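Trainee: I would like to learn how to read a model of a protein chain, feature by feature. Where should I start?

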Amino acid sequence: HEPARIKLPTQLDRDVKQHSEIVATEVMSRLNTDLGLGMEAIEAAGLSLEQQRLLARQAERALAEGANTDWADLGIAFLEMGLFEAAALTFENLAQLIAFERATTESPAASIAVLIQAYGLLAQARMGAGHYHEAIASLQPIVRDLDFSATQKIDAFYLMAAAYEKLGQIDDAIVWLGQVLALDVTYRDASTRLAQLNRTRGAP
């Protein structure tokens, strides 16, 4: 399949997809039609973790032959609906698909960017559910891979900082933000956040 062109969200409720004016059930209805999921109408509110897992498994069966973009669109829709468990499972599947393509294609470099973004989306889903340790674990394949340049990892560095900040591990968050700023001093709000964390820590 053609590699998906996924834009890493800056936050969960903005710049993910242009669905901001569409209610969650309508997003699911559109995907249900476009991707042929064969699902009944879904009310996002009140779905338990187990119901979300069942939903993700049903989607996995429906998208068994789907393109990477189909998986990405579905996972992003789950994110927008606040179905973080379903989103995480979908992005895990996407990352596995891309990793397989990377291992078996003659041009593995073509899959690097989308693989990094898939793991970033997975980490955001984990953070959305408040699972910050799992978010950090989701980013490890990226930050530890020597085939990826530091510039390619900048989104992962930023997300690592966010996860450690949520855990209250300020020193670790500062280290990761430092790596971000060493690559790009204008990256998102990294400089502002670093200053705030230094004040929190009591640094001069």
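Predicted model: local features only at pLDDT ≥ 70, side-chain atom pairs only at ≥ 80, totals over all residues.

Trainee: How many helices and strands does the protein chain have?

Mentor: Begin with the list of elements. The protein chain has nine helices and zero strands, so its order from the N terminus is α-α-α-α-α-α-α-α-α.

Trainee: What can be said about burial and surface in the protein chain?

Mentor: Burial is judged by relative accessible area, and under 20% counts as buried. Of the 204 residues in the protein chain, 47% are buried. The exposed surface comes to about 10,500 Å², with 49% supplied by carbon and sulfur atoms. As for contacts between residues at least 6 apart in sequence, 57% join residues at least 24 apart.

Trainee: Now a single helix. How many of the residues of α5 are buried?

Mentor: Count them along the helix. In α5, 15 of the 17 residues are buried, so this helix is largely enclosed by the rest of the structure. Its length can be checked too: from first C-alpha to last, α5 reaches 24 Å, close to the 24 Å expected at 1.5 Å a residue. Just after α5 comes Gly130, with a positive phi of about 80°.

Trainee: How do α5 and α6 lie, roughly parallel or roughly antiparallel?

Mentor: Compare the directions of the two axes. Those of α5 (residues 112-128) and α6 come within 7 Å and cross at roughly 175°. That makes α5 roughly antiparallel to α6, because angles over 145 degrees count as such. The residues of α5 that meet α6 include Leu115, Tyr119, Leu122 and Met127. On the α6 side, Tyr132, Ala135, Ser138 and Leu139 are among the partners.

Trainee: Which residues does Met127 touch, beyond those up to four places away in sequence?

Mentor: Met127 lies in helix α5 and is buried, at a relative accessible area of 15%. With residues up to four places away left out, Met127 touches Tyr132, Ala135, Leu159, Ala162 and Ala163. Its C-alpha is 9.8 Å from that of Ala88, a residue 39 places away along the chain.

Trainee: Which residues of α8 are buried, and what covers them?

Mentor: An α-helix has 3.6 residues a turn, so residues three or four places apart point the same way. In α8 the buried residues are Ile170, Ala173, Ile174, Trp176, Leu177, Val180 and Leu181. Their cover includes α6 (132-143), α7 (154-166) and α9 (190-201). The length of α8 (residues 170-183) also agrees with expectation, because its 14 residues should span 20 Å and its end C-alpha atoms are 20 Å apart.

Trainee: Where is Gln52, and is it buried or exposed?

Mentor: Gln52 sits in helix α2 (residues 49-62) and counts as buried at 6% relative accessibility. A polar atom of the Gln52 side chain lies 3.2 Å from the backbone nitrogen of Ala86. Beyond neighbours within four places in sequence, Gln52 is in contact with Leu47, Leu83, Phe84, Glu85 and Ala86.

How values were computed: Residues numbered from 1 in each chain as written. Heavy atoms only, no water. Helix = DSSP H or I, 4+ residues; strand = E, 2+ residues; numbered from the N terminus. Buried < 20%, exposed > 50% of the residue type's maximum accessible area, 1.4 Å probe, protein only. Polar contact = N/O pair within 3.5 Å; in protein donor to acceptor, adjacent residues only side chain to side chain. Contact = heavy atoms within 4.5 Å. Expected span 1.5 Å × (residues − 1). Areas by Shrake-Rupley, 256 points an atom, 1.4 Å probe, with all protein chains shown as cover. Axes fitted to C-alpha atoms, helices over the stretch in contact; angles between N-to-C directions. Parallel < 35°, antiparallel > 145°, perpendicular 65-115°, else oblique.
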